[in-house]
Amino acid sequence: METPHTRTAPVSGPDALRLTVDSPEAMRRLGLRLAGVLRPGDLVLLSGELGAGKTTLTRGLGEGLGVRGAVTSPTFVIARVHPSLTGGPALVHVDAYRLAGGPDEMEDLDLDVSLPDSVVVVEWGDGKVEELSASRLHVRIDRATGDELPGGAAEAPDTDDVRLVTVGGVGERWTGGALDGLRDSGGEGAYGREG
């Protein structure tokens with residue numbers, strides 16, 4: 001299990017996308033954009049320390065998918081299902097933080113039943129749910145520090161909200177430009193900068 005103030009496992013691959021997100025609102029907008037590239041059957045694993053922005057990203061994703069109900073952290077209920085209001089896929093939002101990750105514990109959630117018709121987003125899912133799908137999307141959110149900050153200015157205002165987001169896919173579903181819809185066509189605008 002990840003602990004606060006530690007970097008998560010790297011997300012890599014030839015199509016991996018690295019973005020700088022400069023505010024919670026920008027993280028929500030990234031979630032909106034992510035919803036545009038997702039389809040039923042997609043498994044998304046979110047990693048990052050506590051407070052990194054995983055639920056904020058998922059909130060934007062739920063908004064983009066047009067689902068019912070407020071997307072909040074499912075830490076104490078483990079999983080929430082948000083049905084679609086638009087005829088699209090439901091959002092299944094899981095927080096695996098408190099789960100030990102044993103196969104029986106994950107199997108009890110019946111995520112394999114939900115996956116074909118839903119978008120399943122699992123916070124803290126690394127090392128716990130990969131067997132659900134040969135194709136999955138990994139999103140790592142890290143706090144920017146020092147020279148990772150825009151302009152390298154550690155003392156600039158609002159740097160506490162700056163995040164480095166790396167998005168990379170595993171499997172055939174995520175090859176050949178599947179993440180192109182996440183690229184910010186406006187450069188610095190929608191959620192920071194790519195790079």
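## A buried tryptophan to start with

With a relative accessibility of 6%, Trp124 counts as buried, because that value falls under the 20% cut-off. This residue belongs to the loop that links E5 and E6. Its backbone deserves a look too: Trp124 is not a glycine, yet its phi is positive, at about 60°. For context, most residues other than glycine have a negative phi. Please keep in mind that everything described here comes from a predicted model.

Another positive phi turns up just after H2, where Gly66 has a value of about 70°.

## The overall layout

Stepping back to the whole protein, we find four helices and eight strands. Read from the N terminus, the order is β-α-β-α-β-β-α-α-β-β-β-β. The protein has 195 residues, and 47% of them are buried.

## Helices H1 and H2

Helix H1 covers residues 24-35. Its twelve residues should span 16 Å at 1.5 Å a residue, and the end C-alpha atoms lie 17 Å apart, so the two values agree. Ala26, Met27, Arg28, Leu30, Gly31, Leu34 and Ala35 are the buried residues of H1. Their cover includes E1, H2, E6 and E7.

Helix H2 runs over residues 54-65 and also has its length checked: twelve residues reach 16 Å from first C-alpha to last, close to the expected 16 Å. Buried here are Lys54, Thr55, Leu57, Thr58, Gly60, Leu61, Gly62 and Leu65. The elements covering these H2 residues include helix H1 along with strands E2 (43-47), E4 (90-95), E5 (118-123) and E6 (136-143).

In soluble globular proteins, nonpolar side chains tend to be buried together. Which residues have the most contacts inside the largest nonpolar core? They are Leu61, Leu137 and Val139, in a core of 30 residues. At least two residues of this core come from each of E1 (17-21), H1, E2, H2, E5, E6 and E7 (163-170). The top contributor is H1, which gives five residues.

Setting aside residues up to four places away in sequence, Leu61 touches Gly31, Leu32, Leu34, Ala35, Leu38, Leu91, Val119 and Val121. There is also a second, separate core with ten residues, among them Val92, Ala96, Val120 and Val122.

Ala16 sits in the segment before E1. Is this residue buried or exposed? Ala16 counts as buried, because its relative accessibility is 14%. Beyond its neighbours within four places in sequence, Ala16 is in contact with Val167 and Gly168. Along the chain, Ala16 and Gly177 are 161 residues apart, while their C-alpha atoms are separated by 9.9 Å.

Ala90 is part of strand E4, and its 16% relative accessibility also makes it count as buried. Its contacts, leaving aside neighbours within four places, are Val81, His82, Pro83, Ser84, Asp117, Ser118 and Val119. Finally, Ala144 lies in the loop between E6 and E7 and counts as buried at 8% relative accessibility. Ala144 and Asp160 are 16 residues apart in sequence, and 8.0 Å separates their C-alpha atoms.

## Aromatic rings

What is the count of aromatic pairs? It comes to zero, with ring centres required to lie within 6.5 Å. A charge does find a ring, however: the charged end of Arg173 sits over the ring of Trp174, 4.0 Å from the ring centre.

Note on methods
Residues are numbered from 1 along each chain as its sequence is written. This is a predicted model: local features need pLDDT of at least 70, side-chain atom pairs count only at pLDDT 80 or more; totals for chains, interfaces and linings use all residues. Side-chain values use heavy atoms; hydrogens and water are left out. Buried means under 20% relative accessible area, exposed over 50%, partly exposed in between (1.4 Å probe, protein chains only). The expected span of a helix is 1.5 Å times one less than its number of residues. Contact means heavy atoms within 4.5 Å. Rings of Phe, Tyr and Trp (its six-membered ring) pair if their centres lie within 6.5 Å; planes under 30 degrees apart count as stacked, over 60 as edge-to-face and the rest as tilted. A charge sits over a ring if NZ of Lys or CZ of Arg is within 6 Å of the ring centre and within 35 degrees of the ring normal. A nonpolar core is a set of buried Ala, Val, Leu, Ile, Met, Phe, Trp, Tyr and Cys residues joined through side-chain atoms within 4.5 Å.
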